[in-house]
Amino acid sequence: MPAQAMVDARKPAAAGVFYPAERELLARTVRDLLDAVPPSRNTGRAARLRAIVVPHGVSGPSGAVAATAWARVAAHAARFRRVVLLGPAHHTQFIGIAAPFADTFATPLGAVEVDRIAIEVVRRFPHLIVSDDPHEQEPSLEVQLPFVQTLLPNATIVPLLVGDIDDLDAAEVLDTLWVDDTLLVVSTDLSHYYDAVTAKRLDEATARSVETLDAGSIGEEQACGHAALRGLLTAARARKLKATRLDVRHSGEVSGELAEVVGYGSFMVG
């Protein structure tokens, strides 16, 4: 392993902004979100769960929507020893997929070990880069960690930020990592800052695209994590999996502010 891989934990960048910074409050918030999700009546599909798509947030409607997918994971947590986290890089532009050098990612709940062996396995792909820079201030993966730490406390993670990349190239990396004990998690919000009527129309179309595994119809207007989402849908279609909508709503349904809203959606793939 390269010497530069042996670094301190990647420190929290989103604590106190996207989720509570105080340990006990964060633990209680995640547990309350999960407890509020009604029991699933589709246990057969949940038993085949292989991936989830969730918004990046723990607070407010984003957290509530994310919890609807993470609650399905809870029912089968013993199956998963590794979580591949996929999301956009909001602060950095790059070509390919960026994995970190950091050995652990920290939140107020503690540190999660990065599966460095898995990262070494996919370094053979020319579109896979290893750099801490895109990860340093990026919240999209970090906000999923409290759910991982609560439900899969012994799991390792493979944090991957997806930049500009061909869908088939992204799917190739994911397919290599997507073994039986691995959960894929795509962290993405849906439409951004449209009025509520427009957002609802766009998000409904995006939800149908996810359900039909239609990667080609999803772009930046539909989802900030569109590249990661397209990679997942491409890999899922090749495996003949199915996607199920769990929850789709927007921020205005809670805030009452309908002029500019953010769309949130959760889905399970299996």
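Start by selecting Glu204: at 30% relative accessibility, this residue counts as partly exposed. Keep in mind as you click around that the model is predicted.

The side chains of Glu204 and Arg208 meet in a salt bridge, 3.4 Å from N to O. Both residues sit in helix H8, four residues apart, which is about one turn of the helix. Arg208 is partly exposed too, with a relative accessible area of 45%.

Stay on helix H8 (residues 196-211) and pick Asp203.

Next, select Arg249 and Asp247. They form a salt bridge, with the closest N and O atoms 2.5 Å apart. Arg249 is partly exposed at 25% relative accessibility, while Asp247 is buried, with a relative accessible area of 15%. While you're looking at salt bridges, bring up Glu204, Arg208, Glu211 and Arg245 together: bridges that share partners join these four into one network.

The count for the model comes to ten salt bridges, so here's one more to visit. Select Asp103 and Arg116, whose side chains meet at 4.0 Å, N to O. Asp103 lies in the loop between strand E3 (97-99) and strand E4 (104-107), and Arg116 in helix H4 (residues 116-122), so this bridge ties together parts that are 13 residues apart in sequence. Asp103 and Arg116 are both buried.

Time for some rings. How many aromatic pairs are there? The count comes to one. Select Trp70 and Phe147: their ring centres are 5.6 Å apart and their planes are at 5°, so the pair is stacked. Trp70 belongs to helix H3 (residues 60-74) and Phe147 to helix H6 (residues 145-151), so the pair links parts that are 77 residues apart in sequence. Trp70 is buried, and Phe147 is as well.

Last stop: the largest pocket, with a volume of about 470 Å³. Select Pro88, Ala89, Glu220, Cys224 and His226, which are the closest to its centre of the 23 residues that line the pocket. Then colour strand E9 (192-194) and helix H9 (226-238), each of which supplies at least two residues of the lining. Which element gives the largest share of the lining? Helix H9 does, with three residues.

Note on methods. Residues numbered from 1 in each chain as written. Predicted model: local features only at pLDDT ≥ 70, side-chain atom pairs only at ≥ 80, totals over all residues. Heavy atoms only, no water. Phe/Tyr/Trp six-rings, centres within 6.5 Å; stacked < 30°, edge-to-face > 60°. Buried < 20%, exposed > 50% of the residue type's maximum accessible area, 1.4 Å probe, protein only. 1 Å grid on protein atoms, 1.4 Å probe; cavity = no way out; pocket = protein on both sides within 12 Å on 5 of 7 lines; lining within 4 Å. Points joined across faces, edges and corners; volume = space filled by probe spheres on them.
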